[in-house]
Each structure stands twice: as C-alpha cells, then as structure tokens.
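Student: I would like to learn how to read side-chain features and helix packing in a model. Could we work through one together, step by step?

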Amino acid sequence: MITKIIIAWVMIHISISVLVSQLPASMVLTFSKLYELKNWEKNGRVYEQLKIKKWKHLLPEARKWVNQGKGKTAAHLRNEKEFQALNLQTSRSELSHWIQILPAPLFFFILPMWAGWVMVLYAILFNLPFIVVQRYNRTRLERFRKVYEKKQR
C-alpha cells in the first residue's frame, strides 16, 4: 500500500508540473493575486530570516525532469522581456506547487482518517518549501529589476 501511495504522489507531482508548464501565460497570470508580495513578507526579509539561500539548492527542480524553462537566475537578465519571462516562470512554479496540495484530500477516500490527515500534512510540508523559494526569488527579482532600471536611466 505504501508503494502505491508513493507512486500516486510521484504521478500527481509530475503530472501537475507538466500540465502547469504547458499552460498559456494568460492562464498562469489569471492567478496574479496569488503571486503578489504581501506586506508580511517585508520585501523578502522574512525569507532571508529563514536562511533560504543556504538550503534552496537542496530542492530538486522538476523543470529539469520535464525539460521545461530556463534556470531560475537573474544573472542573464538584460531587458524587460527577460524580467517578465523569469517572473512568469516563478509564478508558474508557485502555482504548480499550490495545485499539488489540492489532491491530498482525495486520500481520505482510500485511506483511514488518520492516514488521510498524514497525506494532507505531507502535501503541505512537501510543497511549502518550493512555494517559499519562489516567493523569495520573486522578491529578489523585484529588487534586481529596480537596480537594473536605475542603471538604465
């Protein structure tokens, strides 16, 4: 049974990653409120306190497995189009991880109640670090964009 659950989660994660990677930008941006930086994030200082720079490289990138997108680095950015492309990529990744949490309650139909809650907890704990990293990347991207715009003037 455990093997089937692991296989189910792997299929859920990969399927949703592939699906979201194929969505048109307009559909991804439909959820723009989700990606907006919130006041409590304090322009990314919250994420710096979590020491994300020290552990984010440990997270696997599904982009490599499904051969989608470029690496998430601002080093190559030279114009507004490239900024928008990286911003879209971070939004796409964040959306993918939010959606990957949604199937967790389905496990209540096939598992005992306690195990269903374990699946919900797993879905949140597995995806939350990826969501946090994307939000952190977005705050850094915005700071980088402001510096870049000042240099262009």
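Tutor: Let us begin with one residue of this predicted model, namely Ser 21, which has its place in helix H1.

Student: Is Ser 21 buried or exposed?

Tutor: The relative accessibility of Ser 21 is 17%, and because buried means under 20%, Ser 21 counts as buried. A polar atom of its side chain lies 2.7 Å from the backbone oxygen of Val 18. Across the sequence, Ser 21 and Arg 92 are 71 residues apart, yet their C-alpha atoms are 6.9 Å apart in space.

Student: How should I read the packing of two helices?

Tutor: In general, two packed helices are described by the angle between their axes and the distance between the axes. Here the axes of H1 and H7 come within 9 Å and cross at roughly 145°, and the crossing in which H1 passes H7 is right-handed.

Student: Which residues make the contact?

Tutor: From H1 the contact is made by Trp 9, Ile 12, His 13, Ile 16, Ser 17, Val 20, Ser 21 and Gln 22, and from H7 by Arg 92, Leu 95, Ser 96, Ile 99 and Gln 100. Sorted by class, the contact of H1 with H7 has six nonpolar, six polar and one charged residues.

Student: And how is a pair of aromatic rings described?

Tutor: The general idea is that such a pair is described by the distance of the centres and the angle of the planes. In this model the count comes to seven aromatic pairs. One of them joins Trp 9 and Phe 107, whose ring centres are 5.1 Å apart and whose planes lie at 20°, so the pair is stacked.

Student: Which parts of the chain does that pair tie together?

Tutor: Trp 9 lies in helix H1 (residues 2–22), and Phe 107 in the loop between helix H7 (80–101) and helix H8 (113–152), so the pair ties together parts that are 98 residues apart in sequence. Trp 9 and Phe 107 are both buried.

Student: What would a tilted pair look like?

Tutor: Phe 83 and Phe 144 form one, at 6.0 Å centre to centre with 45° between the planes. This pair links distant parts of the chain, with Phe 83 in helix H7 and Phe 144 in helix H8, 61 residues apart. Phe 83 is buried, with a relative accessible area of 1%, whereas Phe 144 is partly exposed, with a relative accessible area of 33%.

Student: Which residues do ring pairs link into a cluster?

Tutor: The cluster linked by ring pairs holds Trp 9, Phe 107, Tyr 122, Phe 126 and Phe 130.

Definitions and conventions. Residues numbered from 1 in each chain as written. Predicted model: local features only at pLDDT ≥ 70, side-chain atom pairs only at ≥ 80, totals over all residues. Heavy atoms only, no water. Phe/Tyr/Trp six-rings, centres within 6.5 Å; stacked < 30°, edge-to-face > 60°. Helix = DSSP H or I, 4+ residues; strand = E, 2+ residues; numbered from the N terminus. Buried < 20%, exposed > 50% of the residue type's maximum accessible area, 1.4 Å probe, protein only. Polar contact = N/O pair within 3.5 Å; in protein donor to acceptor, adjacent residues only side chain to side chain. Axes fitted to C-alpha atoms, helices over the stretch in contact; angles between N-to-C directions. Left-handed = near helix turned anticlockwise from the far one by under 90°. Contact = heavy atoms within 4.5 Å. Nonpolar A, V, L, I, M, F, W, Y, C, P; charged D, E, K, R; others polar.
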